[in-house]
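These notes are meant for a colleague who is opening the structure without having seen it before.

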Amino acid sequence: VSVILHEAGHALYEMGLPAEHYGSPLGDAISLGMHESQSRWWETRIGQSLPFWKHYLPILKETFKGKLDSIDLTTFYKAVNKVKPSFIRVEADEVTYPLHVILRFEMERALIEGSLKVKDVPEAWNAKMQELLGITPASNAEGCLQDIHWAMGGIGYFPTYTLGNIYAAQLFETFVNKHPDWEKRVAVGDLHFITEWLHETVHKHGRQYTSHDILKMATGKEPTAAPYINYLQNKYKDIYGL
């Protein structure tokens with residue numbers, strides 16, 4: 001579900017760009033960081049929220065009859081938000097996810113500056129996983145070969161996921177102020193108003209403004225990681241009773 005929501009976030013951004021300006025900068029997304037803000041928004045802020053599953057858990061139970069009958073909403077919500085170090089980035093929880101990005105960024109920097117040889121990547125990867133997450137992959141499949149980005153030449157892409165998380169959190173603060181009833185609406189399956197808000201705030205501008213300009217126009221603030229940090233602290237303090 002998280003992967004579907006993530007990629008759907010990308011698709012909704014592309015679908016929201018001005019069709020009349022297709023082929024020009026006004027019909028294109030402004031940045032990869034903003035693109036990832038849309039995917040991470042839908043994947044985490046909506047898809048891992050309690051009201052989302054208040055609506056969709058009964059549907060899931062109906063789809064997989066007999067498999068989830070004993071699972072209540074609170075238990076399910078905590079399960080999809082469980083914090084535990086893991087090997088695969090796309091399956092990582094919100095709290096440890098940034099560590100996966102840091103690992104890749106530091107390795108890319110070392111590769112580019114020449115202090116790390118390609119042949120030494122698996123060993124360096126495993127050492128960094130142990131340092132940051134306290135676990136060591138059993139194979140390269142769950143280690144340095146798990147992402148497609150390096151294979152396709154996407155060096156320098158991974159920090160856009162962290163930028164996306166930061167941008168999404170800042171936008172979400174403003175969204176909540178505009179729609180204080182968002183949880184009630186999502187809990188009954190209403191998601192269109194979210195897409196409409198993102199369209200008016202982000203999508204329709206194409207490349208008319210920079211990502212930082214869009215954030216400032218939408219939130220009245222320069223880009224800051226504070227909303228993202230506050231979100232993680234508040235959400236997981238509540239889940240874990242800290």
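**Notes on the model**

1. Lys 221 is found in the loop that joins helix H10 (211-219) to helix H11 (226-240), where helices (H or I, at least four residues) are DSSP runs numbered from the N terminus. With a relative accessible area of 45%, Lys 221 is partly exposed; buried stands for under 20% relative accessible area, exposed for over 50%, and partly exposed for what lies in between, with a 1.4 Å probe and protein chains only. Not counting residues up to four places away in sequence, Lys 221 touches Gln 170, Glu 173, Leu 215 and Lys 216, a contact being heavy atoms within 4.5 Å. Lys 221 and Leu 32 are 189 residues apart in sequence, and their C-alpha atoms are 20 Å apart in space.

2. A word on the basis of these notes: the model is predicted, so local features need pLDDT of at least 70 and side-chain atom pairs count only at pLDDT 80 or more, while totals for chains, interfaces and linings use all residues. Residues are numbered from 1 along each chain as its sequence is written, and side-chain values use heavy atoms, with hydrogens and water left out.

3. Helix H2 deserves a careful look. Its 15 residues should span 21 Å at 1.5 Å a residue, and the end C-alpha atoms are 20 Å apart, which agrees; the expected span is 1.5 Å times one less than the number of residues. H2 bends by about 35° at Arg 40, the bend being the angle between axes fitted to the seven residues ending at a residue and the seven starting there. Because 14 of the 15 residues of H2 are buried, this helix is largely enclosed by the rest of the structure. His 35 lies in H2 and, at 10% relative accessibility, counts as buried. Leaving aside neighbours within four places in sequence, His 35 is in contact with His 10, Tyr 13, Glu 14 and Ala 29.

4. What does Ser 49 touch, not counting residues up to four places away in sequence? The residues are Thr 44, Tyr 77 and Trp 182. Ser 49 is placed in the loop between helix H2 (32-46) and helix H3 (50-63), and at 7% relative accessibility it counts as buried. At the start of H3, a side-chain oxygen of Ser 49 reaches to within 3.3 Å of the backbone nitrogen of Phe 52.

5. H3 itself has 14 residues and reaches 19 Å from its first C-alpha to its last, close to the 20 Å expected at 1.5 Å a residue. H3 bends by about 40° at Tyr 56, and a proline, Pro 58, follows within four residues. Pro 51, Phe 52, Trp 53, Leu 57 and Leu 60 are buried in H3, and the buried residues of this helix pack against helix H1 (2-16), H2, helix H4 (73-80) and helix H8 (182-186).

6. The structure holds 15 aromatic pairs, in which rings of Phe, Tyr and Trp (its six-membered ring) have centres within 6.5 Å, with planes under 30 degrees apart counted as stacked, over 60 as edge-to-face and the rest as tilted. Tyr 97 and Tyr 161 form an edge-to-face pair, 6.3 Å centre to centre and with 80° between the planes. Since Tyr 97 lies in helix H5 (residues 97-113) and Tyr 161 in helix H7 (residues 159-178), the pair ties together parts that are 64 residues apart in sequence. Both Tyr 97 and Tyr 161 are buried. The rings of Tyr 157 and Tyr 161 have centres 5.4 Å apart and planes at 65°, so this pair is edge-to-face.

7. One aromatic cluster is formed by Trp 41, Phe 172, Phe 175, Trp 182, Phe 193 and Trp 197. The charged end of Arg 45 sits over the ring of Phe 172, 4.2 Å from its centre, where sitting over a ring requires NZ of Lys or CZ of Arg within 6 Å of the ring centre and within 35 degrees of the ring normal. The charged end of Arg 185 sits over the ring of Phe 193, 3.9 Å from its centre.

Conventions:
Helices (H or I, at least four residues) and strands (E, at least two) are DSSP runs, numbered from the N terminus. A polar contact is a pair of N or O atoms within 3.5 Å; within protein, one must be able to donate a hydrogen and the other to accept it, and residues adjacent in sequence count only if both atoms are side-chain atoms.
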